[in-house]
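Please look over the sequence and the model below, and keep both in view while you read.

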Amino acid sequence: MAVDTSIPKTTNAAGATARPAPRKSVRPSSVVLKLIMATSGIALVGFLFAHAAGNLKIFVGNEDFDHYAHWLRTLGTPLLPDVWFLWIMRIGLLVAIVAHIYAATVLTRRASKARPVKYAHRPKVQGSYAARTMRWGGVIVLLFIVYHLLDLTTGHLNPVGDSSRPHANVIADFAPDRWYVTLFYTVSIIAVGLHLRHGIFSAVRTLGQQTKKGERRAKAIALVLSVVLVAMYLSVPFAVLTGLVA
């Protein structure tokens, strides 16, 4: 006996048959995506400042810096085996980065589709330099993260590349004859600062701050934090380049 596997039909008031409407895929709203960008960005900013503070240990001395790097590898023991905490943190950072990029990409595409027709003459939009360069700044930051991991994490691009000698890795990395590395590092960190400046302000607005006074305060805080972060990160390569740290 044959079995009817066709899609069941429905009858409307006029007596005509109609197939059920196809199910629509559930996609996150723009509000949800903005919240994802804000929360993932805050997590990344927290890591950046913690990492920058650890980098400054190099000014204390060779042994102290190496001890700090070794301490990171044993963090969480004996509850966790060696290096496990670092890998948990790296996976968490990867999730935050992927979520941040995904939300930014979807929001950008939606904004582009909302304005399908390009104007013949489009007036310039008033905005900060950081806001206008968020896209290419994000690309530079992403490339920098990949290079930084291959350089000072895995050691593949480092002249020393010895995980047991982190101080020597940093000194070799920013040596005067490798000025191009310092230049790339500087451009990347400045891009991080610009990205951070606009990102903090946008995150504060997304999380509910809408008053004029609050916006001015958010802009000031974002500027101070971005400048401090850039100074913290660039102090290390330039100290090595000028011989202040050796």
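Buried means under 20% relative accessible area, exposed means over 50%, and partly exposed lies in between, with a 1.4 Å probe and protein chains only. Helices are DSSP runs of H or I with at least four residues, numbered from the N terminus. This is a predicted model, in which local features need pLDDT of at least 70 and side-chain atom pairs count only at pLDDT 80 or more, while totals for chains, interfaces and linings use all residues. Residues are numbered from 1 along each chain as its sequence is written, and side-chain values use heavy atoms, with hydrogens and water left out.

Begin with helix H6, residues 166-173, which is largely enclosed by the rest of the structure because seven of its eight residues are buried. The buried residues of H6 are Pro166, His167, Ala168, Asn169, Val170, Ala172 and Asp173.

Lys219 lies in H8 and is partly exposed, with a relative accessible area of 49%. Glu215 also has its place in helix H8, but Glu215 is buried, at 14% relative accessible area. Leaving aside neighbours within four places in sequence, Glu215 is in contact with Phe201, Arg205, Gln209 and Gln210, where contact means heavy atoms within 4.5 Å.

Finally, turn to helix H1, residues 30-55, where Leu35 has its place. Leu35 counts as partly exposed, at 35% relative accessibility.

Conventions. Helix = DSSP H or I, 4+ residues; strand = E, 2+ residues; numbered from the N terminus.
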